[in-house]
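Hello,

Here is the structure you are taking over. My notes on it follow below.

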Amino acid sequence: MDLLLFATLVAAIAIGWFLGRRSAHAHTASHADLPSQYYRGLNYLLDGRPDGAVDAFINALEVNSETLETHIALGNLLRKRGEVDRAIRIHQNLLARPSLPRPQVHQAHLELARDYISAGLLDRAERLLLDLQKESPEQRRASQRHLLEIYQSEREWPQAIEVATQLLPRKSLLGGNPPREPDGASRQPVSVALAHYYCELACERQAEGKLAEAGTLLQQALTQDKQCVRASIMQGEVEYAAGNYKQAVKALRRVRQQDPEFIPETIATLRKCYAELGDTRALRTYLKDCLAANPSAPLVLAVAEDLRTAEGGDAAAEFLSRQLADRPSLRGLARLISLQMDETRGKVRDNLGLLQVLVDRLIAERPAYRCGHCGFAGRQLHWFCPGCKHWGTIKAIRGTRVD
Ligand SMILES: [Zn+2]
């Protein structure tokens, strides 16, 4: 515990105790022992025994509607500092007072649910929040936000969909924009998360081989958020698996309109679809168009691969070295080295082999994806960012670093 916490604690308790004493005087005269508890707490504090101090302060501060805010603030402070057990005790202590007005009981309930979430006691938190969303109109949306957090971390997608649907902003009858939530500035729109919940369910159906059901769920994802890149990519995979190659191509090419930075994630499936359709020329044209409009290293590599198949290794190597001069990339370099190795023998080939090992190691050491919202970086594409808990904000890193 640091000095700041205790400065806050002493100030908060002093004010709370003063308020408590004032109102106690108004009603009864039986609270003469409050100061002694308060000074005992201060003693613990000066002796460097913070645990005893917190407990003495909790006992010293009478609970009534005037001191409630102080209790709640103290509990929240302890929770934020990781002292969840104490926070739970403070908030439970509040709920043991039958005299508190209902809105304040609800507020204490909400804080207790937050303590349980911090302690990982999700079942208990869920029960409290389910009651609270029914009983308290003021705390309904806050309760639903926390329920969503719980269902998301437990991967209970049907429940998450149900709660998120209730949280969607109501459409105004006049057709205007729905009012923004006051604290929603840094929060993702619920519709974006909702689309991903449908995608998660679709993933489960796809793994069970229920392609038609997966397709319906992906359509629902796109209804919630027509910019959902993940739904389009998955639709492409599901349609490909079902043998509907034209539908698959249509879904995958939609990604270019939704967010061109995700085009590289579609190339592998597109290539398989066009091969089935016997139209590799259409793929080449499409990839070249994409490269011209939204250049990226994976597109350079894809076009180089097409060139190698159509015109041979020399043409591919020449194209790659021209592209690398404009946009240096490690993966491009690795591919260029391997193309050159095919053409050489002896000592030169050995040296190129060594170079390739080094470049591969550089690639392996660097993260390939990063969250645009919080900066979390990783080797693989995750749709859910573990850092900031946003959906669809992780993208391939562009530029010379890895791609
Ligand atoms: Zn993030």
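Which residues does Cys-385 touch, not counting residues up to four places away in sequence? They are Cys-371, Cys-374, Phe-376, His-390, Thr-393 and Ile-394, where contact means heavy atoms within 4.5 Å.

The model is predicted: local features need pLDDT of at least 70, side-chain atom pairs count only at pLDDT 80 or more, and totals for chains, interfaces and linings use all residues. Residues are numbered from 1 along each chain as its sequence is written, and side-chain values use heavy atoms, without hydrogens and water.

An unreviewed UniProt entry places a "binding site" at Cys-371, Cys-374, Cys-385 and Cys-388; such annotations may be inferred rather than shown by experiment. These residues span 18 residues in sequence, but no two of their C-alpha atoms are more than 8.6 Å apart, so they gather at one spot. Cys-385 is buried, with a relative accessible area of 0%, whereas Cys-374 is partly exposed at 39% (buried is under 20%, exposed over 50%, partly exposed in between, with a 1.4 Å probe and protein chains only).

Elsewhere, the largest nonpolar core has 47 residues. Such a core is a set of buried Ala, Val, Leu, Ile, Met, Phe, Trp, Tyr and Cys residues joined through side-chain atoms within 4.5 Å. Domain 1 (3-167) and domain 2 (190-277) both give residues to this core, so it lies between them; the domain bounds come from an automatic or database domain assignment. Apart from it lies another core of 26 residues, including Val-300 and Leu-307.

Regards
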